[in-house]
Amino acid sequence: PSALPIFTQEEVISHRSLEDGVWVTYKGGVYDITEFVAVHPGGDKILLAAGGDLEPFWALYAVHNQEHVLEILSEYKVGEL
Ligand code: HEM
């Protein structure tokens, strides 16, 4: 994990569309979830978090409070903040 690059908040914010890529952060990790958007069980709502932090949304949608959701997220990790 320490081999992953460090990104700035600005770099994350610049990835908030399917064209530019959809990145999110979660507990200091940076995730490129572009490929996951189309298969998300909750549909396009996932784009509300594009370019920002997942935690406020996952606090609202407690369905994400499960181990298997974190396993999915971990597959998309590209770096750290
Ligand atoms: C459901 C993953 C972001 C809204 C789910 C489920 C998974 C998932 C695996 C199905 C859970 C289950 O039923 O066991 C993810 C991942 C996300 C993400 C990996 C980020 C990378 C979001 C965001 C929102 C959201 C940001 C809202 C703004 C929902 C909703 C459902 C859902 C509403 C329920 C869909 C239904 O059962 O009808 N998500 N999610 N998700 N997600 Fe997400």
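## Surroundings of the ligand

Helix α3, spanning residues 67-74, contributes three residues to the shell around the ligand, the most of any element; helices (H or I, at least four residues) and strands (E, at least two) are DSSP runs numbered from the N terminus. This is a predicted model, in which local features need pLDDT of at least 70 and side-chain atom pairs count only at pLDDT 80 or more, while totals for chains, interfaces and linings use all residues. Residues are numbered from 1 along each chain as its sequence is written.

Around the ligand lie 19 residues, of which Pro41, Gly42, Lys45, Ala49 and Phe57 come nearest; a residue is near a molecule if its C-beta atom, placed from the backbone, lies within 6 Å of it. The shell holds 14 nonpolar, four polar and one charged residues. Here Ala, Val, Leu, Ile, Met, Phe, Trp, Tyr, Cys and Pro count as nonpolar, Asp, Glu, Lys and Arg as charged, and the others, Gly among them, as polar.

## Overall fold

Three helices and four strands form the protein, in the sequence order α-β-β-β-α-α-β. The radius of gyration, 12 Å, is close to the 12 Å that the globule rule gives for 81 residues, so the protein is as compact as a globular protein of that length. This radius is taken over C-alpha atoms, and the rule is 2.2 Å times the number of residues to the power 0.38. Along the principal axes, the C-alpha atoms fill a box of roughly 30 × 25 × 20 Å.

## Contacts

Isoleucine 46 is in contact with Val37 and His40, leaving aside its neighbours within four places in sequence; contact requires C-beta atoms, placed from the backbone, within 7 Å.

Key. Two residues are in contact if their C-beta atoms, placed from the backbone, lie within 7 Å.
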